[in-house]
Amino acid sequence: SILLLVCNLQGYASLCSLITLGRRRCEKGESEVTLEECCLHSEGLYAIWLPEREDTGHLKIMKQAFGNRFFMMICRHKEAKDPILENRIRNHAKRYGIRTVAGQEILYHCTSHRPVQDVLSCIRHRRSLSNCENLLKPNALHELIGADEFLNIFDDDPASVQATVEIARNCSFRLEDVRYIYPEEIHSDRISVVEYLRELTHRGALQRYSGRPPEAISKQIERELQLIEELEYASHFLTMHRIVEWCKQQDIMCQGRGSAANSAVCFCLGITQIDPIDMDLLFERFLSRERDAPPDIDLDIEHERREEVIQHVYDAYGRDRAAMVAVVIRYRIRSAIRDVGTVLDIPASELQRLSKQLNSYGSIAPDDFVRAGLDPSLRTHCLLAELSNAIIDFPRHLSIHPGGFVFTTGPIHEVIPVENATMPNRTVIQWEKDDIEAMKIFKVDLLGLGALTQLHRCFELISQHRGIDLTMNSIPTDDEQVFAMLQKADTTGVFQIESRAQMSMLPRLKPEQWYDLVVQIAIVRPGPISGGMVHPYLRRRAGEEAVEYPHPCLASVLGKTLGIPIFQEQVIKLAMTVADYQPGEADQLRRDMAAWRRVDRLERHREKLVSRMVAKGIKQKFAEQVFDQIRGFGEYGFPESHSASFALIAYAASYLKCHYPAEFACSLLNSQPMGFYSPSTIVEDTRRHGVRILPIDVHFSRRDCTVEPCRESTGGYALRIGLRYVKGINNKEAKSLESTQIAVQSIEELMHETGISKATVKKLAEAGALRGLAANRRTALWMAHGIRTRKEILPTLENSTEFRSLSLEESTAWDYRSTGVSSNGHMLQHYREQLRAQGLPDAKTVNNMPDGRRVRFVGAVICRQRPANASSVVFMTLEDETGFVNTVFWPRCFERYSTLAKTLSLLGVEGTLQVASNVVHLIVDHVWKPTDFSLWKDFRSRNFH
């Protein structure tokens with residue numbers, strides 16, 4: 001039987017409680033919520049029952065609990081069972097004095113979407129279309145119908161229709177009517193939360209400014225505190241301060257970012273690290289009267305310790321009053337192909353082959369089938385394409401927001417439906433962040449950031465090995481060597497400035513001071529690019545173009561960026577200054593820029609902005625450029641405050657890479673997965689910087705990578721690869737191996753002392769980690785196969801058994817296969833003589849060639865990109881033992897060689913060099929598959945992000 005519960009505002013909390021109860025039982029695999037339990041939560045609910053079986057045992061209970069809010073539903077879909085079921089319902093209703101209500105089961109808005117609904121039903125039930133049994137509806141009469149058609153269907157039963165209208169009228173309310181109150185922070189002193197916030201802020205100001213806060217900061221603090229008090233947001237700031245202080249006590253690195261960096265209060269509370277007065281940041285972007293929304297404070301936390309902070313928050317506020325925000329994961333083309341193909345009984349091998357031909361974003365076309373070796377005219381394949389394209393952006397499943405928390409004064413399930421998360425000791429609400437914003441519910445973002453984990457580990461390594469105690473605040477900000485490194489784009493592994501696009505910009509922008517990094521991080525974004533602001537800024541910075549302002553009043557707004565708007569705050573200030581936007585209008589502009597999926601919301605500003613700027617004497621062309629940039633910000637624009645917060649981390653990482661390359665690489669490898677590049681690329685870059693790479697060895701390697709004294713390395717330290725990189729070894733086994741490092745003298749003793757499995761011994765042998773216990777890898781692997789059990793060990797193999805040692809090329813191939821990294825160098829260095837004989841240069845040689853030179857090159861593909869604003873141009877980064885070659889594929893070339901370009905990990909390319917401002921790109925016009933690389937091990941590239 002089906003029970004439908006409909007609520008008015010009074011019954012909303014009851015419905016949330018029932019949903020929460022049902023989801024918790026579902027997660028635990030327990031029985032469903034019973035009708036008796038529904039009756040206990042009946043206040044404010046309308047119960048509509050459709051009994052599909054002869055089950056009247058609960059009718060009296062339901063009638064007693066709900067009274068005149070209990071109905072039995074009649075549905076008419078012209079199915080064979082309809083008359084029988086309707087007759088049964090009417091008899092029960094007459095017998096027990098229950099009213100009937102007319103209704104329809106609506107599954108789609110029009111009948112043409114019935115195939116989509118059928119496929120989604122099969123996906124939900126994990127059945128194929130040929131094995132769906134009675135899960136699908138027998139006809140297409142489940143569409144959304146109009147009032148007239150509804151009346152025609154039930155023209156013989158006006159009483160049931162009247163009941164439908166009555167329920168609809170009584171249950172019409174908006175979710176915005178649900179009252180939400182942020183929980184008031186509790187503190188020991190008997191003062192108000194506002195007074196406590198004021199005290200903490202002034203205390204923090206004294207610490208920030210060594211006891212003498214400037215007059216400007218004092219005025220700004222007072223202005224902010226008055227607004228915070230007026231809008232009743234004090235507890236929100238105290239919550240973030242409380243979390244930050246706890247992180248400091250636990251030695252967990254954290255840093256506020258985003259629009260919170262515009263706030264002097266956040267700076268003085270220690271939440272953010274950017275002085276908003278010194279940088280002239282726009283506070284109104286963070287908080288204003290007109291905004292009518294809670295402030296957005298994001299806190300970046302070491303990603304490997306974020307769970308500690310999350311559990312602390314649960315402990316501090318209670319599991320019944322705190323929960324994480326949900327994220328609805330939606331279908332992209334590859335997931336759609338996989339799920340729809342399974343429903344259509346298409347072999348998994350075909351689906352995998354087809355997926356390799358597709359971009360992460362976009363749809364599927366007949367040509368994709370052809371490239372995958374499949375017939376696009378086959379009926380099944382036509383259905384696959386049609387249905388997969390139809391469900392793109394449909395919700396697939398519920399996940400958890402990267403760090404969003406909500407808090408409530410009372411039980412959270414009385415305000416929002418809650419369920420248990422897949423991870424233990426977590427609960428998650430069933431709403432996304434946009435829903436939270438619409439409901440004006442405060443959200444606290446606790447985000448994991450791998451760069452902070454890496455920095456913390458690197459500081460610890462430097463302190464441990466060199467006795468130097470560094471922090472982000474103690475690193476000198478004017479180091480010439482660091483900026484020289486940045487100008488050469490030597491930034492592999494450096495947070496935020498390691499991508500191909502950022503590396504291409506660094507030699508052009510030539511950063512000379514910290515604020516240049518703020519611009520660097522923000523300028524490689526769709527906003528400035530689509531607005532045509534990048535090249536004018538670079539020309540002005542290089543002295544090739546005079547710095548001019550479209551209007552004299554913009555000198556204060558655009559002075560820091562040479563008259564070119566780069567940041568989101570500048571766009572808002574510009575609108576207020578030259579387009580006379582009022583604070584409310586400016587805040588709406590900010591909101592519309594943030595709603596990047598709904599470009600139509602920005603278009604309504606075009607006429608207003610452009611016409612007002614032209615009226616003030618600004619040229620039409622510049623006004624149009626400004627609006628194009630605003631539209632670009634709608635896709636992905638960076639606020640100055642956000643960029644400044646990231647620039648602090650980026651500079652610290654650059655300093656460590658420049659002066660402590662071994663420790664930098666070690667901490668980066670130990671913080672994986674994170675960043676832009678694979679561990680193998682990081683290892684090769686470290687080797688090119690003069691750091692010796694030491695192999696995995698059970699006598700010396702710990703679970704994590706380590707730093708060891710070495711005269712042959714830059715700075716006197718080498719990098720030892722850790723046991724964590726041996727594929728298939730878990731943390732427990734790695735810890736056991738750590739405890740018996742130098743003591744064991746044989747493979748048998750190692751297994752006996754550590755209790756590791758035979759399979760693990762084989763993995764160690766393949767990775768070369770048993771080099772001190774056997775003559776070579778083959779011998780070690782043979783001995784591992786001879787071990788029967790942990791306690792019953794075979795005698796040592798006879799010395800007469802000899803195995804040929806692996807060649808250097810074979811050892812490298814085994815390394816990549818078993819660990820993904822190698823201490824023997826890049827795989828291509830073993831083929832260098834062969835490549836040189838074919839006239840194929842290395843990457844270093846290519847990057848020193850002149851503009852216009854024709855080049856043939858072979859390299860490992862480590863990155864494929866197709867930016868949304870690049871007109872379908874594809875960028876690939878190829879790597880060999882000497883460095884990178886950045887390649888550009890125009891759409892026609894990429895389509896011509898798409899199969900090879902999308903699938904090969906070792907790629908041969910030919911084209912013409914484009915060299916400008918020390919930036920080298922190879923414009924590809926021909927692609928081939930290199931041969932005679934029998935031991936080549938596939939690299940994993942990062943594709944189309």
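Colleague: How many aromatic pairs does a search of the whole structure find?

Modeller: The search finds 19 aromatic pairs. Rings of Phe, Tyr and Trp (its six-membered ring) pair if their centres lie within 6.5 Å; planes under 30 degrees apart count as stacked, over 60 as edge-to-face and the rest as tilted. This is a predicted model, in which local features need pLDDT of at least 70 and side-chain atom pairs count only at pLDDT 80 or more, while totals for chains, interfaces and linings use all residues. Residues are numbered from 1 along each chain as its sequence is written, and side-chain values use heavy atoms, with hydrogens and water left out.

Colleague: What describes a pair of aromatic rings?

Modeller: The distance of the centres and the angle of the planes describe such a pair. Here, Phe405 and Phe407 are stacked, at 5.9 Å centre to centre and 5° between the planes. The rings of Phe483 and Tyr651 form a tilted pair, because their centres are 5.7 Å apart and their planes stand at 35°.

Colleague: Which parts does the pair of Phe483 and Tyr651 tie together?

Modeller: Helices are DSSP runs (H or I, at least four residues), as are strands (E, at least two), numbered from the N terminus. Phe483 belongs to helix H19 (residues 480–487) and Tyr651 to helix H30 (residues 640–659), so the pair ties together parts that are 168 residues apart in sequence.

Colleague: Are Phe405 and Phe483 buried or exposed?

Modeller: Buried means under 20% relative accessible area, exposed over 50%, and partly exposed in between (1.4 Å probe, protein chains only). Phe405 is buried at 0% relative accessibility, and Phe483 is buried at 5%.

Colleague: Where does the charged end of Arg242 sit?

Modeller: A charge sits over a ring if NZ of Lys or CZ of Arg is within 6 Å of the ring centre and within 35 degrees of the ring normal. The charged end of Arg242 is over the ring of Tyr317, 4.9 Å from its centre. Arg500 lies over the face of Phe875, 3.8 Å from the ring centre.

Colleague: What is the order of the open sheet of three strands?

Modeller: Two strands pair if DSSP finds at least two bridges between them. The order is S12-S14-S13, with mixed pairing. Strands S12 (693–694) and S13 (706–709) each have a single partner strand, so one side of each is left without a neighbour in the sheet. S13 pairs with S14 (residues 717–720) in the antiparallel sense over four bridges, and Val707 has Leu719 in S14 as its bridge partner.
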